[in-house]
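I opened this one to see how the chain is put together and what sits around the ligand. My notes follow in the order I looked things up.

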Amino acid sequence: MAKQKITYNCTQCDYNTLRWLGCCPECNEWDTFKEIKPATPTSTPVGKHTPTHTVPPTVMTQLSSIPDQKQQRIFSGIQEWDRVVGGGIMPSSFLILTGDPGIGKSTLLLQISNRLAAQHTVYYFSTEESLQQVKLRAERLGCINDKLLFSDQASLHTIIATAQKDKPDILIIDSIQNCSISGAQSLPGSVGQLRESAFQLMRLAKEQNITIIVTGHITKEGMIAGPKTLEHMVDAVFYLQGEDRWHTRMLRAVKNRFGTINELGFFEMQHNGLQEVPNINEHFMRELSHAPGSALASIIEGSKPLMLELQTLTIQSKLAMPQRVISGVEHKQVVLIAAIIEKYLKIKLSAHDIFFKVSGGFKIKGSATDLGIALSLLSSYCQQPLPKRSISLGEISLTGQIKPINQINLFVREAEKFGIETLFVAKNQKIEKTSCKVHRLHNVYELLSLFTEE
Ligand code: TYD
Ligand code: MG
C-alpha cells in the first residue's frame with residue numbers, strides 16, 4: 001500500500017503544501033501552517049467486505065408523488081431588492097450580501113430588515129458594530145421599529161442557540177466574517193471558520209425554516225474574503241457595487257438558486273440611506289451631450305435596457321505607437337472596429353490616438369454596441385456630432401456589414417420613452433411599429449453619409 005504523506009495546511013487561506021513553511025506564499029501570513037495527518041481508512045473497500053446487510057436501504061420516489069408546496073416569497077416592498085433576489089426572498093434560503101467596505105451593505109440590510117419586520121419576526125445580529133452605532137444608523141434611516149430585535153452577540157453558537165429557541169422568520173448577521181466559533185483554533189474570518197459558520201447556518205436555515213441573510217466582505221481581487229467556496233455553500237450571492245460617477249449603488253446577483261442572475265437593482269446613497277432609483281436611464285439621459293465623439297448605445301442588463309453614452313476622442317498621434325486608452329468595453333472590441341473603419345473607409349485611425357469610455361464609468365459587454373462604437377469613433381474623427389436624439393443599435397461583422405441585434409423592440413420601447421427620434425439599425429433589422437425615424441444601414445460604407453465632407 002502506498003505510504004500516505006503528511007500535508008501542511010494554512011489556517012488563514014487554506015493553502016496546502018507538502019512541506020512546512022514559515023510564511024504562506026498565498027496569503028503572506030506567518031506561522032499559520034498546521035500539520036494534517038492522513039486519515040486512516042476506516043472502512044474496507046466497497047465490494048470486498050462491506051456489510052451492506054447492516055445498512056437499511058432507502059426507498060426511491062417518483063417526483064410526481066411529491067406533494068406540491070408553493071412557498072410564499074418574502075417581499076420587502078423595496079422593489080429593486082425584491083426584483084434582484086428573484087421576486088422576493090425564498091423562505092428558508094441562505095443569502096450573502098457582499099461588497100466593498102463602506103459601500104452600504106449594513107445600510108441596505110437594516111432598511112430591508114425594517115421593512116420585513118412589518119410582517120415577520122426579524123433578529124438582527126450586529127457582529128461588527130455596537131448597538132449604539134446601530135441605533136444611530138437606524139435613527140438616521142428612520143428604522144426604529146419595536147418589532148425588529150437586535151443583538152451584538154458575535155458568537156455563532158449563541159446566535160444559533162437563540163435562533164433555535166425563538167425560531168425567528170428571518171435571521172440577519174452583519175457580518176459573517178466577524179462571527180466567532182468558540183473552541184476553534186483559527187481566527188474569526190479565517191477560511192476554516194467561514195466554512196464552518198456557513199455550513200452550520202445553512203443547516204439552521206433548512207432544519208428550522210429560517211431565512212438567513214448575512215453580509216460578507218470582499219477582498220481587493222473582488223472575491224468574498226476568504227474562500228470562493230463560500231459562494232458554493234449558500235443559496236444566493238448578491239454584490240453591492242458602486243463604480244459610476246453618480247455613486248449609484250448597483251445590486252447584482254452572481255448566484256441565485258431561486259431566480260435569474262442577470263437582474264440589476266439601482267440605489268442612490270442619500271442622507272437617509274439607500275433610496276431606490278427605479279429608472280436609471282433618466283440619470284444617463286440627463287447627462288447626454290450632443291457633441292462630436294458622443295454616440296448613444298444600449299445594452300440589456302437582466303430585463304432592463306440601459307442607455308449609455310459612448311464617448312471617443314481621436315487625435316493625430318505624435319507617438320510611433322499611437323495610444324489606445326479604452327475603458328468600459330473590451331479593449332479589443334474598439335481596436336477591431338477601428339481596424340474595420342480603417343480597412344473599408346480608408347480612414348487612418350492607426351495614426352491616431354484613441355481615447356474611449358462609457359459615460360458614468362459603466363462596464364458593458366456585447367456586440368450590440370458595435371455600431372455605436374463605430375459612429376462614436378467616426379464622429380470624433382470627423383469632428384461632427386451625430387444627429388440629436390439618435391441611438392445606434394447594431395452589430396458589425398468583420399466584412400463590414402451591419403447586422404441585426406436581438407431584443408431590438410425592448411431597446412426601441414425604452415428609447416421612445418426618452419424622446420429618441422432616430423434609430424440607426426441594420427438594413428434587415430425587424431422592428432415593431434415605432435414613432436422613431438428608422439435609419440437603416442447596410443454596411444460601414446454607408447456610415448460616412450451621416451457626416452458631411454469638409
Ligand atoms: P455602510 O452601510 O456602513 O457600509 P458597509 O456596511 O458596506 O461597510 O455605509 C457606510 C457609508 O454610507 C458611510 O460612508 C456613510 C454612508 N451613509 C450615507 O451616506 N447615508 C446614510 O443614511 C447612511 C446610513 C450611511
Ligand atoms: Mg457594515
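Ground rule for contacts: I count two residues as in contact if their C-beta atoms, placed from the backbone, lie within 7 Å. I'm working on a predicted model, where local features need pLDDT of at least 70, side-chain atom pairs count only at pLDDT 80 or more, and totals for chains, interfaces and linings use all residues. Residues are numbered from 1 along each chain as its sequence is written, while chains are lettered from A and ligands numbered from 1 in the order in which they are written.

**Entry 1: K105**

I started at K105, which lies in helix α2. Leaving aside neighbours within four places in sequence, K105 contacts L97, G99, T215 and L240. I also checked K105 against H217: they are 112 residues apart along the chain, and their C-alpha atoms are separated by 9.4 Å.

Is K105 buried or exposed? K105 is buried, because 24 other C-beta atoms lie within 10 Å. My cut-offs, with C-beta atoms placed from the backbone, are 20 or more other C-beta atoms within 10 Å for buried, 12 or fewer for exposed, and partly exposed in between.

**Entry 2: the ligand shell**

Which residues are closest to ligand 1? I get G104, K105, S106, T107 and G273 as the closest, in a shell of 15 residues. A residue is near the molecule here if its C-beta atom, placed from the backbone, lies within 6 Å of it. The elements giving two or more residues to that shell are α2 (105-116) and α3 (131-141).

I sorted the shell around ligand 1 by type and got four nonpolar, eight polar and three charged residues. In this sorting Ala, Val, Leu, Ile, Met, Phe, Trp, Tyr, Cys and Pro are nonpolar, Asp, Glu, Lys and Arg are charged, and the others, Gly among them, are polar.

**Entry 3: whole chain**

I stepped back to the chain, which has 10 helices and 21 strands. Its C-alpha atoms fill a box of roughly 85 × 60 × 50 Å along the principal axes. Buried residues come to 36% of the 454 in the chain. Taking contacts between residues at least 6 apart in sequence, I find that 66% join residues at least 24 apart.

The chain splits into domain 1 (1-40), domain 2 (75-278) and domain 3 (282-450), with bounds from an automatic or database domain assignment. The centres of domain 1 and domain 3, taken over C-alpha atoms, are 53 Å apart.

**Entry 4: α8 against α9**

Next I looked at helix α8 (residues 331-345) and helix α9 (residues 370-382), which pack at about 65° with their axes 10 Å apart. The axes are lines fitted to C-alpha atoms over the stretch in contact, and the angle runs from 0 to 180 degrees between N-to-C directions. From α8, Q333, V334, I337, A338 and I341 meet D370, I373, A374, L377 and L378 of α9. That contact divides into eight nonpolar residues, one polar and one charged.

Y344 also lies in α8. I put Y344 down as partly exposed, because it has 16 other C-beta atoms within 10 Å. Beyond four places in sequence, Y344 contacts G400, V444 and Y445.

**Entry 5: I354**

I354 is in strand β16 (residues 352-358) and counts as buried, because it has 22 C-beta neighbours inside 10 Å. Outside four places in sequence, its contacts are T312, T314, R324, V334, A338 and L349. I354 and R324 are 30 residues apart in sequence, yet 4.9 Å apart C-alpha to C-alpha.

Most residues other than glycine have a negative phi, and most peptide bonds are trans. I went looking for exceptions.

- D31 has a positive phi of about 55° without being a glycine, and is found in the loop between β2 (16-17) and β3 (33-36). D31 counts as exposed because it has 9 C-beta neighbours inside 10 Å.
- N209, also not a glycine, has phi near 55°, and sits in the loop between α5 and β8 (211-217). N209 is exposed, with 12 other C-beta atoms within 10 Å.
- The peptide bond from D174 to S175 is cis, with omega near 10°. I found S175 in the loop between β7 (170-174) and α5 (191-208).

How values were computed:
Helices (H or I, at least four residues) and strands (E, at least two) are DSSP runs, numbered from the N terminus.
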